[in-house]
Each structure stands twice: as C-alpha cells, then as structure tokens.
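Here is a short briefing on one structure.

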Amino acid sequence: MVTTVAHKVNFYDTDAMAVVHHSNYIRWFEIGRVEFLRQAGITLTELMDDGYVFPITEVSAKYMNSGYFDDELIIETTPVALTKAKMAFSYRVLRAADDTVLVTGFTQNVFTSRVTGKITRLPDKYYDKLKVMLD
C-alpha cells in the first residue's frame, strides 16, 4: 500500500540558489514513514510509550531533479519488507504541479527496545497492523 502526504518546501529547506538542500529529502522520508504508521493505526508516541523505537540502519537516495522554494511536494511511501525485527520502505518525492520525480529512496528500520537499545521483536499488537498494510 502506497501512502502519500503533501509537504510545502520552506525557504529554510533551500540553499543559496533556492534549491532544496539534499539532506531535506531524508527528513521528508521520515514524514512519509510517520504518515504510513498513522494510516496503519500506529503512532510513534504509542510505540515509544510501549518501549519501542524505530531507528534507521540503512538509507539511500537517488537525486533526479531539483526541488525549489515553495514547491508543493508529494511524498510517496511504500513498504517493501517486514519482519518482526525490521521494516523497509521505498520512497518517491514528486513535485505536485507537474508530477516530476525529484528523488527516489530507500530506508531500513529496526525495531529496538527503548530501554536496552537492542533489536527486539515487535509484538503482534503492532506487527499485525503493519502486515495488513503490506498485503
């Protein structure tokens, strides 16, 4: 299941040439992941309150076209893998005005105990909601 979320490029997201700084796309992948979890019926607050965090262990981005100040973006997030210990996503960030793909990307996250910092298995309470989103 692909989830989408809109985001407007702020002036502070750009460099001296009014072009989006490359580091922002990684932040925008996170916006996509958070929206994906919301649509699955999970909030990060709930996960953390239950003792789980979701750190990134791998990230990649392919920059294809430039984004600019005031562009309206669409962040597409697609789950590509899920186990009880990790989850992976692919992304596309597009300019809404003309559907130009600006960046494609990938992240892998692991489910980790907030207390110990060690990788842990996600309980069915969360896993089942995520699994439905992949089917």
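T100 sits in strand β6; strands (E, at least two residues) and helices (H or I, at least four) are DSSP runs numbered from the N terminus. The model is predicted: local features need pLDDT of at least 70, side-chain atom pairs count only at pLDDT 80 or more, and totals for chains, interfaces and linings use all residues. Residues are numbered from 1 along each chain as its sequence is written, and side-chain values use heavy atoms, without hydrogens and water.

- The side chains of T100 and D98 are joined by a polar contact of 2.8 Å (a pair of N or O atoms within 3.5 Å; within protein, one must be able to donate a hydrogen and the other to accept it, and residues adjacent in sequence count only if both atoms are side-chain atoms).
- Neighbours within four places in sequence aside, T100 contacts N65, V93, L94 and R95 (heavy atoms within 4.5 Å).

**Sheet**

- Five strands form an open sheet in the order β1-β4-β5-β6-β3, with antiparallel pairing (pairing takes at least two DSSP bridges between two strands).
- β1 (3–8) and β3 (56–63) are the edge strands, each pairing on one side only.
- From one strand to the next, the twist averages 20 degrees (axes are lines fitted to C-alpha atoms, for helices over the stretch in contact; angles run from 0 to 180 degrees between N-to-C directions).
- Nine bridges link β4 (residues 72–82) and β5 (residues 86–95) in the antiparallel sense.
- I75 has V93 in β5 as its bridge partner.

**Helices**

- α1 (residues 23–39) lies across β1, β3, β4, β5 and β6 (100–110), at about 135 degrees to β1.
- α3 (residues 124–134) lies across β1, β4 and β5, at about 110 degrees to β4.
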